[in-house]
Amino acid sequence: MIDFYSDTTTRPGRAMREAVLTAEVGDEQRGLDPSTNALQARVAELLGHEAALFLPSGTMCNEIALRVHCTPGDEVICEQTSHIVNFESGGPAALSGVMIRTVEGDRGRFDAAAVAAAIRPPSRYFPASRLLCLEQTANLGGGAVWPLEQMQAVVAAARNAGLAAHMDGARLLNACAATGIAAATYGGLFDSCWIDFSKGLGAPVGAVLAGPATFIEAAWRFKQQWGGALRQSGVLAAMCLYALDHNVDRLAEDNALAAHIGQGIGELPLVAGVLPVDSNIVIFDIAPEGPTAAALAEALAAEGILICEFGERRVRVVTHLDVDGADGDRLVDALSAHLGTPWP
Ligand SMILES: *Cc1c(COP(=O)(O)O)cnc(C)c1O
């Protein structure tokens with residue numbers, strides 16, 4: 001199978017698995033796993049923060065951050081298409097007792113005026129605006145990359161009103177590959193941020209949340225309480241360390257392949273539009289005369305190519321280290337067979 005479904009489908013290769021054989025391990029809950037400690041130190045530095053915490057998933061990074069920054073009854077400002085709003089099973093309500101106030105952005109990005117409009121004045125009648133969250137890159141925005149100045153402006157708008165700011169950096173390093181801006185330059189703007197290792201970095205499990213030492217100390221408490229504390233997690237951290245050493249620079253190839261695929265798809269007659277391709281995600285819409293996204297995904301799967309149905313006529317394609325240029329050409333060829341002429 002050629003898998004463009006998601007960059008989460010990457011499988012650890014032989015060299016990454018071999019890195020586990022020599023990894024030093026210990027009891028992570030007691031801070032005694034050397035590989036996990038090394039990973040946390042590297043990510044803290046990478047993201048421009050004092051400390052970091054290894055967690056099983058990016059979702060847990062977001063949910064723990066919300067819990068640390070907020071108290072029940074607080075309000076969190078998120079873009080309406082964000083992962084926190086759509087794919088975390090109502091975690092903010094269930095785990096932190098917070099309200100979410102959504103703003104409508106452009107491909108997941110919004111401006112300082114939208115933040116200012118969403119912040120409530122202090123009042124005992126209102127939920128207390130406490131936290132601003134944003135995604136770099138914005139997944140449902142088609143991997144949209146926030147320009148640095150726009151990010152600085154929205155964080156400043158939040159800070160001026162006394163809010164904290166959190167960045168969901170699941171694919172932050174794809175943004176860095178696209179812009180050439182250091183991860184710490186983005187990450188250092190925020191009170192907390194994280195990167196995922198199980199997406200484009202190609203590790204099987206893991207995400208690392210970074211922030212000030214006091215924030216990470218508080219995050220540890222919820223990691224323990226919610227059952228996320230681990231034991232010999234060095235077997236996982238070793239693969240994440242391998243990913244930092246070998247799979248970061250190559251993210252530029254994923255971005256370039258996505259741009260190439262997006263261009264090819266944009267030329268197909270039955271494609272109504274392709275979102276601008278900023279990083280490693282291509283989102284396109286099928287014209288009304290064409291097949292539904294479900295029918296298209298089924299037809300391609302029968303030909304050995306996986307894509308993601310993202311709506312009635314919306315499709316997402318994601319590039320990653322397990323697909324190459326030849327796979328990209330096969331994808332566009334296969335799509336052109338189905339989107340080249342009106343669906344019968
Ligand atoms: C994948 C993703 C997450 C969640 O990460 P997991 O490691 O799958 O839990 C959060 N935010 C964004 C933007 C994502 O793409």
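Guide: Ser 89 has its place in the loop between helix H4 (83-86) and H5. Helices (H or I, at least four residues) and strands (E, at least two) are DSSP runs, numbered from the N terminus. This is a predicted model, in which local features need pLDDT of at least 70, side-chain atom pairs count only at pLDDT 80 or more, and totals for chains, interfaces and linings use all residues. Residues are numbered from 1 along each chain as its sequence is written, and side-chain values use heavy atoms, with hydrogens and water left out.

Visitor: What is the phi of Ser 89?

Guide: Most residues other than glycine have a negative phi, and most peptide bonds are trans. Ser 89 is not a glycine, yet its phi is positive, about 55 degrees. Arg 107 also is not a glycine and has a positive phi, about 50 degrees. Arg 107 belongs to the loop between strand S4 (99-103) and helix H6 (112-118).

Visitor: Which two residues does a cis peptide bond join?

Guide: Gln 136 and Thr 137, with omega at about -5 degrees. Thr 137 is part of the loop between strand S5 (128-135) and helix H7 (148-160).

Visitor: Is Ser 89 buried or exposed?

Guide: Buried means under 20% relative accessible area, exposed over 50%, and partly exposed in between (1.4 Å probe, protein chains only). At 77%, Ser 89 is exposed. Arg 107, at 15%, counts as buried. Ser 96 is in helix H5 (residues 91-96), and with a relative accessibility of 3% Ser 96 is buried.

Visitor: Which residues is Ser 96 in contact with, leaving aside its neighbours within four places in sequence?

Guide: Contact means heavy atoms within 4.5 Å. With those neighbours left aside, the partners of Ser 96 are Glu 63, Leu 66, Arg 67, Thr 71, Pro 72 and Gly 91.

Visitor: How many salt bridges does a search of the whole structure find?

Guide: A salt bridge is a side-chain nitrogen of Lys or Arg within 4 Å of a carboxyl oxygen of Asp or Glu. The search finds 15. One of them joins Asp 245 and Arg 42, whose closest N and O atoms are 2.9 Å apart. Asp 245 is in helix H11 (residues 234-246) and Arg 42 in helix H2 (residues 34-46), so this pair ties together parts 203 residues apart in sequence. Both ends are partly exposed: Asp 245 has a relative accessible area of 49%, and Arg 42 has a relative accessibility of 36%.

Visitor: What is the N to O distance between Asp 285 and Arg 314?

Guide: Their side chains meet in a salt bridge at 2.8 Å. Asp 285 is in strand S10 (residues 281-286) and Arg 314 in strand S13 (residues 314-318), so the parts tied together are 29 residues apart in sequence. Asp 285 is partly exposed at 23%, as is Arg 314 at 26%.

Visitor: Which residues are linked in a network of salt bridges?

Guide: Asp 106, Arg 107, Arg 109 and Asp 278. Within this group, Arg 109 pairs with Asp 106, and their closest N and O atoms are 3.3 Å apart. Arg 109 is buried, at 11%, whereas Asp 106 is partly exposed, at 48%.

Visitor: Of the residues around the ligand, which come nearest?

Guide: A residue is near a molecule or strand if one of its heavy atoms lies within 4 Å of it. There are 13 residues around the ligand, and Gly 58, Thr 59, Asp 168, Asp 196 and Lys 199 come nearest. A backbone N or O atom of Gly 58 is 2.8 Å from a ligand oxygen atom. Thr 59 places a polar side-chain atom 2.7 Å from an oxygen atom of the ligand, and Asp 168 places one 2.5 Å from a ligand nitrogen atom. The ligand taken alone exposes 380 Å², of which the protein buries 87%. Such accessible areas come from the Shrake-Rupley method with a 1.4 Å probe; for residues, only the protein chains shown count as cover.

Visitor: Which residues touch the most other members of the largest nonpolar core?

Guide: In soluble globular proteins, nonpolar side chains tend to be buried together. A nonpolar core is a set of buried Ala, Val, Leu, Ile, Met, Phe, Trp, Tyr and Cys residues joined through side-chain atoms within 4.5 Å. The largest one here has 50 residues, and Leu 39, Phe 110 and Phe 197 touch the most other members. H11 gives the largest share of this core, seven residues. Apart from this core lies another, of 26 residues, including Phe 4, Leu 257, Leu 270 and Ile 305.

Conventions
A polar contact is a pair of N or O atoms within 3.5 Å; within protein, one must be able to donate a hydrogen and the other to accept it, and residues adjacent in sequence count only if both atoms are side-chain atoms.
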